Amino acid sequence: MVRSSLAVLVIDENRIRASIIEAGLREAGHERVTVIHDVTGIARRIAEIEPDVIVIDLENPNRDMLENMFQLSRAVKRPIAMFVDRSDQASIEAAVDAGVSAYVVDGLRQERVKPILDMAVSRFNAFSRMARELEEARSELESRKVIDRAKGILMKSRGLTEEAAYTLLRKTAMNQNRKIGDIAQSLVTAAGLLGPAEDE
Amino acid sequence: MSMGAEHQITAGFMPLFDSAVLVAAGELGFAAREGIDLTLHRETSWANIRDRIAIGHFHLAHMLGPMPLACNLGLTPLASETIVPFSLGLGGNCVTISNAVWAGMTAHGAAPDLDPARAGAALGALIRERAAAGHDPLRFAVVHPHSGHNYELRYWLAACGIDPTLEIEIVIVPPPFMADALATGRIDGYCVGEPWNSAAVAAGTGHIVTVKAQIWRNSPEKVIGVRKAWAEQSPEALAALLRALHHSARWCQDPANHGELANVMAQPGFLGLPPAVQMPILTGHLRLGGGAELDIDDFFLPFDKAANFPWKSHALWFYTQMVRWGHVAHTPENLAIARDCYRPDLYRSALKPLGVALPGANSKVEGALRVATAVGATGAGLVLGPDGFFDGQIFDPDEIDAYIAAQKSARAEA
């Protein structure tokens, strides 16, 4: 699938995301993939690896340092430039949106690099989606716990059944155009303020 | 955030104190009062800011003064035409060195007085002593190649007879990592904005040896860089924003507001550092290390002394230093690009309705004012300067060729 294999260097402080990208590149037939999490001593590593393509996440505050290093010929053996396909504004936007950027050695043809950048973009997006879903699941769980506590408070203080307590929370949320979890949280907070004994 | 705002503006900033005027414009309602819904995005590198301006994510951003020039001169990938209609302040940087270098400098006559000439002479003597002993060159860090930090550090060293390209090494380190890199010995010194100098002093790992405000009094630092295409499409939105920034800057300068400003900047979404560490930049009272303390005149000005006026002479001085250090070739085309980048005309037309003091000229002879001077301006009185370079040199923007040639021959003779 890949003619002569390109050396790819992935710089990402996020180990999970880096390994997802590495796996993707290997699946696509790239044998020479190196992952670096910490940029300390990176000039020496780049001299050793002689990467054709460098993929870096945009959260990395060392991008300015790396770009400067790439421009100094004595720091790296081969000049490295940002991968900018002028004919394809959409792919640049997609990369920045996904939070990734790529640098390539001078003279490498665009069509050999583009699939690597596309792969990184799609893996970055997949990782973000996964992280978002995880966060949603976590906050869902949190909010379910709070709703249970709010129901308990209502059942105890107003003598309601569990179902009636839940209905009351839901109705209040609908009337106030707020989330049921928010209403439950307000109730738990208020109950805590009014009488800690109520909650236990 | 008002839904019915007349203008929607998205701006990027780096978590540095000199983004304060932009941050306060959003947080304290100055933008809203001008009918602007201002959305601020915190970024992690200047490269990200450049990229997001280029692809249109940001209309404008907090930028290093020379950065828009570098974009327009094609020195960066993903460059897009960027103009500067507003400056975010004057001064604010320091040069900090390790305890070991300070010990070496004091042996050669350095004193904790921040005097650039005295500190430079001591550093030069130390550098020659180290070279004679066969030690590696000292390594200094700046935040970006196209930054006021890089150019003022080089200017200071060169004026003290030190060649910054041959006798020391200059590397790039992000501001929040500077103090740590110094403490662990990866670098020997750095030039950066506050609070990253005071941070090393507080940790007992560094000494402040001189400050931007003494290398070049009242000199330019950060600016508002605006995507030119957007500025041309939305002149009213831009003018409204410049008025909001003007009111914000005036508020930031007032000592009565410093406590509140420090609290705003302390929020995790902005600078995210305790108010106490922001006090040196606000008061100009610095601890230098080893128990020494000094009050510095005009250490950082977000508003006074026409701090927000985008002087073309500031942009042109940056251009001469880009030429001096081989970042760009001096050609009539490049000079024209540098001349067109800063836009005092846009500043003036936006602020004219406010009846405030506006400089009448677009450029000034930098280094000509030895003392604070009231100058001819429209509206109320305006005080400028002093704007002197520590070595007494003058930069006349009408004599650029001579300035560039003089610096070139000084280097050849050294």
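Domain bounds are those of an automatic or database domain assignment. The structure shown is a predicted model.

**Figure 1. Domain division and overall extent of chain A.** Chain A is divided into domain 1, spanning 8–132, and domain 2, spanning 135–199. Taken over C-alpha atoms, the centres of domain 1 of chain A and domain 2 of chain A are separated by 47 Å. The secondary structure of chain A comprises eight helices and five strands, which follow the pattern β-α-β-α-β-α-β-α-β-α-α-α-α along the sequence. Chain A has a radius of gyration of 26 Å, well over the 16 Å that the globule rule gives for 200 residues, and chain A is therefore more spread out than a compact globule. Along the principal axes, the C-alpha atoms of chain A fill a box of roughly 75 × 30 × 30 Å.

**Figure 2. The open sheet of chain A.** Five strands of chain A form an open sheet in the order 2-1-3-5-4, with mixed pairing. Strand 2 (33–36) and strand 4 (80–82) of chain A stand at the edges; each has a single partner strand, so one side of each lacks a neighbour in the sheet. From one strand to the next, the twist averages 20°. Strand 4 of chain A pairs with strand 5 (residues 100–105) of chain A in the antiparallel sense over three bridges. Within this pairing, Val105(A) in strand 5 of chain A is the bridge partner of Ile80(A). Helix 5 (residues 110–158) of chain A packs on the sheet, where it touches strand 1 (8–11), strand 3 (53–57) and strand 5 of chain A. The direction of helix 5 of chain A makes about 160° with that of strand 5 of chain A.

**Figure 3. The contact between chain A and chain B.** Chain A and chain B each contribute 16 residues to the contact. On the side of chain A that touches chain B, the elements giving two or more residues are helix 3 (63–71), strand 4 and helix 4 (89–98) of chain A. Helix 3 of chain A gives the most to this side, with five residues. By class, the side of chain A that touches chain B has eight nonpolar, three polar and five charged residues.

**Figure 4. Overall extent of chain B.** Chain B contains 18 helices and 18 strands. The radius of gyration of chain B is 20 Å, which agrees with the value near 22 Å that a compact globule of 414 residues would have. The C-alpha atoms of chain B fill a box of roughly 70 × 45 × 40 Å, taken along the principal axes.

**Figure 5. A hairpin in chain B.** Strand 12 (residues 285–289) and strand 13 (residues 292–295) of chain B pair in the antiparallel sense over four bridges. Gly289(B) has Ala292(B), in strand 13 of chain B, as its bridge partner. Two residues lie between the strands of this hairpin, in which Gly290(B) takes a positive phi near 65°.

**Figure 6. Packing of two helices in chain B.** Helix 15 (residues 312–324) and helix 18 (residues 400–413) of chain B pack at an angle of about 35°, with their axes 10 Å apart. The crossing of helix 15 of chain B and helix 18 of chain B is right-handed. Helix 15 of chain B makes the contact through Leu316(B), Thr320(B), Val323(B) and Arg324(B), and helix 18 of chain B through Ile400(B), Tyr403(B), Ile404(B) and Gln407(B). By class, the contact of these helices has five nonpolar, two polar and one charged residues.

Notes
Residues are numbered from 1 along each chain as its sequence is written. Chains are lettered from A and ligands numbered from 1 in the order in which they are written. This is a predicted model: local features need pLDDT of at least 70, side-chain atom pairs count only at pLDDT 80 or more; totals for chains, interfaces and linings use all residues. Two strands pair if DSSP finds at least two bridges between them. Axes are lines fitted to C-alpha atoms, for helices over the stretch in contact, and angles run from 0 to 180 degrees between N-to-C directions. Two residues are in contact if their C-beta atoms, placed from the backbone, lie within 7 Å. A crossing is left-handed if the near helix is turned anticlockwise from the far one by less than a right angle, and right-handed if clockwise. Ala, Val, Leu, Ile, Met, Phe, Trp, Tyr, Cys and Pro count as nonpolar, Asp, Glu, Lys and Arg as charged, and the others, Gly among them, as polar. The radius of gyration is taken over C-alpha atoms; the globule rule is 2.2 Å times the number of residues to the power 0.38.
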